[in-house]
Each structure stands twice: as structure tokens, then as C-alpha cells.
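Hi,

Here is the structure I promised to pass on.

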Amino acid sequence: MAKLKIEDLKKIKEKVHAETALRDGSRRVKVTVHMGTCGIASGAKQVMDTLMAEIAEANVTDVVVTTSGCMGLCSREPLVTVEVLGRDPIKYEYVNPTKMRQIFKRHILEGEVQIPFVLARGAEIVK
Amino acid sequence: MLELALHILDIAENSVRAGAKTVNITIEEDVAEDRLTLTIADDGRGMDEATCRKALDPFFTSKKVRRVGLGLPMLSQAAERTGGSLELRSKEGEGTTVRVAFGLSHIDRQPLGDVAGAIMILIAGNAGCDFVYRHRRGSGLFELNTREIRDEIEDVPIGHPEVLKLIRDNIYEGLKEIGASA
């Protein structure tokens, strides 16, 4: 049976420890991919796959990824919220892998909001 | 939704939102009986009997933001198309178990899809929850428990890209090893 190799996990642990000692590993950006039934059915998984691949490729440690449920705007899924620390959250609509890559490179890394894809600024209010 | 992996992602998110600490995801391929069984069991807050009965109604949801709840009904339909069924058991304060049976070789059975990716997304997106994934085919068994991984990596977050990549590769390899073919 393929058992997760403990040595591999130990190796990662040591590497991460060495890296975080060099720089402040605090979080700077929180990205939320909305993954309700509606999101998943319209392609949120591909968007999430792309985002995680980009993060791994760029080798950044200050971007935190989370998932959330449906917020009631199912027709505009997949939705992605990008929250740069200290700024208003930005919600992107109709996201696909290509848009996700652009949002990652320009907004998450460089701080430039990608206005053509934006649905709204601010957090949703659930009544 | 056209893959079982997407259904797993969807239903397991329900568990997380119900406040589960551990979510058990089990897939069993029974070639002799020609059955594929998917079980998702959580220790969340559960439902009372009336809610449990309504949960398979597409026009019932516990959410306030919209009036439909399609996750469970779509999974149920996907199972019924293959001569299988969905069984929902829940107890308030104890948790919920969704058990779905499919006809393994039925032409309408959805492919398993990218389970490794789905599990990886669940782990990455829900850092406060543990996931146990088991896949059985014949005598072969693959098992992944995030509790064990957490113990091993100590203060490194489980959502770290390298840890996730290792988990994903491990699932791919493990499923290949036991000959999972769904």
C-alpha cells in the first residue's frame, strides 16, 4: 500500500522552517474561491486548480487560499474574492482558468485590480 | 456535475459547513456485485428527522441566500440513473452520513474524475477540518488521514503547496497501486 512517506513530510518541514526563518511568513492576501454546488458545476474546481498551481509556481507563502459556499449569485459563478490585507475585498465574477491566472499575476502579486472582471467591491451581507 | 469527484467536493463542503471536525470519505469498488459505493460521513451538527426528509427536495435548502438546494438531489439522480440509490442518515448533534450506491459498470455511471485534486482542494480550503479518504477495490485499500499528516509536519500549515503536492501525488500513486478503475 502506498503510504505517505514520513521522510518526505519531514523534508518539507525542514525546508519550510529554513525558508520562514529567512522571511516573514505572515499572510498578505486571502483568496476565497466560492465552492457551492453552483460554483462547482460552473467550473470552480478548475479555477481552484489553476490558482494552486500558480501559487506553487510563483513560490509565494503569503497567499492563503480558502473555499466558501454559495452566496446567492449562482448565475455569476465561478466567483473569486481577493482580499489584500488592509484593503476592501474585491469579488470577481465568471472566472475561468485564464482570468484566474491574470488576476493572480496582476492583482494578487502586483496589487492592480482587474476591473473588467470585477463584480463588486466589499463583503456580502447575509440577511 | 459530470464527475463523482465534483460531487464529493460538493457534499463534503456541506459537512464542513455543518461544523464537522472530521469528514470520512470512502469509495468502495465491488466488482463481483457490480457496485460502486460512496460514503461521506461527518461529525457535524446533524439534522432532525423532518429536515433530513426534506434534504433531497431540490426546492429545500437551509441557506437563506437562495431558494434551491441542488447538491444532494443531483447526486441522488446520478445514482438512480445507474440503478443505484442515495441513503441519508442523520442525528442531531452526532453527524450525517450520505451513502450512495452506483452500478459500477453501468454506462450512465459518472467517471470518478480527479479525486486527488478534489481531496487536495478540500484540505487546502478547510484548514480547520480533518479528512480521511479511503478507497477500496477488492483486497486493495488506500487510506489517507490528514490527522496523521498534521502530526508529522507540526507547525507547517497543511495548506502549504509542497505538502499538498505530496498528498496529491500520493493519492494518484495509491489509486494506481490498488488498481482503482472507476
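**A loop in chain B, and what surrounds it**

Asp34(B) sits in the loop that links β1 (22-30) to β2 (35-42) of chain B. Helices here (H or I, at least four residues) and strands (E, at least two) are DSSP runs, numbered from the N terminus. The phi of Asp34(B) is near 55 degrees, a positive value in a residue other than glycine. Asp34(B) is partly exposed, because it has 13 C-beta neighbours inside 10 Å; a residue is buried with 20 or more other C-beta atoms within 10 Å of its own, exposed with 12 or fewer, and partly exposed in between, with C-beta atoms placed from the backbone.

Before going on, a word on conventions: this is a predicted model, in which local features need pLDDT of at least 70, side-chain atom pairs count only at pLDDT 80 or more, and totals for chains, interfaces and linings use all residues. Residues are numbered from 1 along each chain as its sequence is written, while chains are lettered from A and ligands numbered from 1 in the order in which they are written.

Chain B has six helices and six strands, in the order α-β-β-α-α-β-β-α-β-β-α-α along the sequence. Of its 182 residues, 42% count as buried. The C-alpha atoms of chain B fill a box of roughly 40 × 40 × 25 Å along the principal axes.

Two of the helices deserve a look. In chain B, α1 (residues 4-17) and α3 (residues 71-80) pack at an angle of about 140 degrees, with their axes 10 Å apart. Axes are lines fitted to C-alpha atoms, for helices over the stretch in contact, and angles run from 0 to 180 degrees between N-to-C directions. That angle makes α1(B) oblique to α3(B) (under 35 degrees is roughly parallel, over 145 roughly antiparallel, 65 to 115 roughly perpendicular, and the rest oblique). On the α1(B) side, His7(B), Asp10(B), Ile11(B) and Asn14(B) meet Gly71(B), Leu75(B) and Ala78(B) of α3(B), where contact means C-beta atoms, placed from the backbone, within 7 Å.

Chain A has two backbone details to check. Asn59(A), in the loop between α3 (44-58) and β2 of chain A, also has a positive phi, near 55 degrees. Asn59(A) is exposed, with 9 other C-beta atoms within 10 Å. The peptide bond from Glu77(A) to Pro78(A) is cis, with omega near -10 degrees, and Pro78(A) belongs to the loop between β2 (63-68) and β3 (80-84) of chain A.

Best wishes

Note on methods: Two residues are in contact if their C-beta atoms, placed from the backbone, lie within 7 Å.
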